[in-house]
Amino acid sequence: MNAQFKRGIVELCVLSELVMEDMYGYKIINNISQDIDVNENTIYPILRRLTKEGYFTTYIVESDLGAPRKYYKVTEKGFNYYLELRDSWDQFIGGVYEILNKGGKKNEQILERFRKRTKEA
Amino acid sequence: MNKFLKDLEKELKKLKFNEEDIKEILEDHKEMIDAAKREGLDEKEVEKKFGNPEKLAKEIHSDGTELNNNEDYNFNNIDSCVEVDTAEFNLVKTFPVLSKSMSIDISLVGDDLTFAKHDGESILIYEKGLKNIDEYTISFNNDILQVRKNKKMIKVFSFTIKNAEFVILIPKNIKFNNFDYYTISGSTTIDSVISNNCAIKSTSGDVEITNINSKKVKISTISGDFEISGVKTESFELSLISGDLEMKKALIQGDFDINTVSGDIDLKNVECHTVNFKTVSGDLEGKEFYPKEIALKSVSGDVIISNNNKNREIHILKEKSVSGEIVIK
């Protein structure tokens, strides 16, 4: 997949995770990588950038286990940005499906129609 | 995983991150690796999850926000050479360069071009897929490098002919007096231009430029898209019809004049004195865009600026528009 495109989608996922609850870095990575194929290389730079841009703040939580952990928290600005991104994502993906579904929703349907059309020609 | 952290530190230093940033990034990673291990991941799994330190450093770097800390706009090491792989290319011409400055005059039709600097002492010109070299003028006289597709050879149906790819490498310490580049539909990559005048024109070809340090920069296109990162200049003239421009990390000491019909302009980490933005429907969107003054003349195009530093005031000189507006967030 195009790197830039993927980055945008992962950014939306990171925001979405943090809108649900505050999390530490590794947890975000772990949660997201369960569903889509990404590694730390993609997620950490996003966390860092969005923090710098004021979409997240961070705070440290001491833990009984090992080192203290940095938690990320969505700011109001971050939340608004999330809504904006989510909206354009929904619109985009909706549009993509409009286009894809024109040819039929199921592979068999699409194939049948394609066969019929190419036969006539 | 100590090796990962050490390598990461090395890569970050290479990219000239400041000490504070390096410390923070390393601490974050130490913590994340620690967390991963505590969840029972073994060394191998951790390695897989954290990937390649070089890629990571570059990824953090290319996000562009590191710039704010570096006041001298050290654009990705202007004096370092971008590696261009010429393995599949044929060397067509070499010219020794004797003086410290020269000019460039390149005019192509549909051929792709990669322009970069190298460690050698000569100008090297490579090609791939070139049908007939006689269709081109390639010369170096009076310190002017000329590469032109001869006009009479341009056929009406020239799109049926497969285009060539050129790579031009210039010795790295050379400064250009004039850097003129023109293409009709070829894709272009240009790296490192230090010049007095830099003019880049494309009809419909897409252009990617890294590192321009020039007294004047002039860019125009009909429908080509431009992607630029790393600019230092006294004045910048931009003219678009429907092509878009994306620019990261630019310091423009004087005026930034923009004329567009429907092309959009996307700026990130850009500073300038006065921006004169004339547009029909193209928008200007800026993140960390700090002009001192702004003048807008538009039909429906908007200016939207979102900046973190609210203390840096942007003075609105003029806002003349039918339905466009200036929004500063």
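Modeller: A helix crossing is left-handed if the near helix is turned anticlockwise from the far one by less than a right angle, and right-handed if clockwise. This is a predicted model, where local features need pLDDT of at least 70 and side-chain atom pairs count only at pLDDT 80 or more, while totals for chains, interfaces and linings use all residues. Residues are numbered from 1 along each chain as its sequence is written, and chains are lettered from A and ligands numbered from 1 in the order in which they are written.

Biologist: Okay, is the crossing of α2(B) and α3(B) left-handed or right-handed?

Modeller: Helices (H or I, at least four residues) and strands (E, at least two) are DSSP runs, numbered from the N terminus. In chain B, α2 covers residues 19–38 and α3 covers residues 43–50; their axes come within 10 Å and cross at roughly 135°. Axes here are lines fitted to C-alpha atoms, for helices over the stretch in contact, with angles from 0 to 180 degrees between N-to-C directions. The hand of the crossing of α2(B) and α3(B) is right-handed.

Biologist: Which residues of α3(B) make the contact with α2(B)?

Modeller: Two residues are in contact if their C-beta atoms, placed from the backbone, lie within 7 Å. On the α2(B) side you get B:Ile33, B:Ala36 and B:Lys37. From α3(B) come B:Val46, B:Lys49 and B:Phe50.

Biologist: Is α1(B) roughly parallel or roughly antiparallel to α2(B)?

Modeller: Angles under 35 degrees count as roughly parallel, over 145 as roughly antiparallel, 65 to 115 as roughly perpendicular and the rest as oblique. Helix α1 of chain B, residues 2–14, packs on α2(B) at about 155°, the axes being 10 Å apart. That angle makes the pair roughly antiparallel.

Biologist: And how many residues in the contact of α1(B) with α2(B) are charged?

Modeller: Ala, Val, Leu, Ile, Met, Phe, Trp, Tyr, Cys and Pro count as nonpolar, Asp, Glu, Lys and Arg as charged, and the others, Gly among them, as polar. Residues meeting across this pair include B:Leu8 and B:Glu9 in α1(B), and B:Ile25 and B:His29 in α2(B). The contact has six nonpolar residues and one polar, and the number of charged ones is three.

Biologist: Why does B:Val147 count as buried?

Modeller: B:Val147 lies in strand β6, residues 144–149 of chain B, and touches B:Ile106, B:Tyr136, B:Ile138 and B:Ile168, leaving aside neighbours within four places in sequence. A residue is buried if 20 or more other C-beta atoms, placed from the backbone, lie within 10 Å of its own, exposed if 12 or fewer, and partly exposed in between. B:Val147 counts as buried because its C-beta neighbours inside 10 Å number 22.

Biologist: Which element gives the most to the side of chain A that touches chain B?

Modeller: The contact takes 19 residues from chain A and 18 from chain B. Elements giving two or more residues to the chain A side are α2 (25–35), α3 (40–52) and β3 (69–74) of that chain. With seven residues, the one that gives the most is α3(A).
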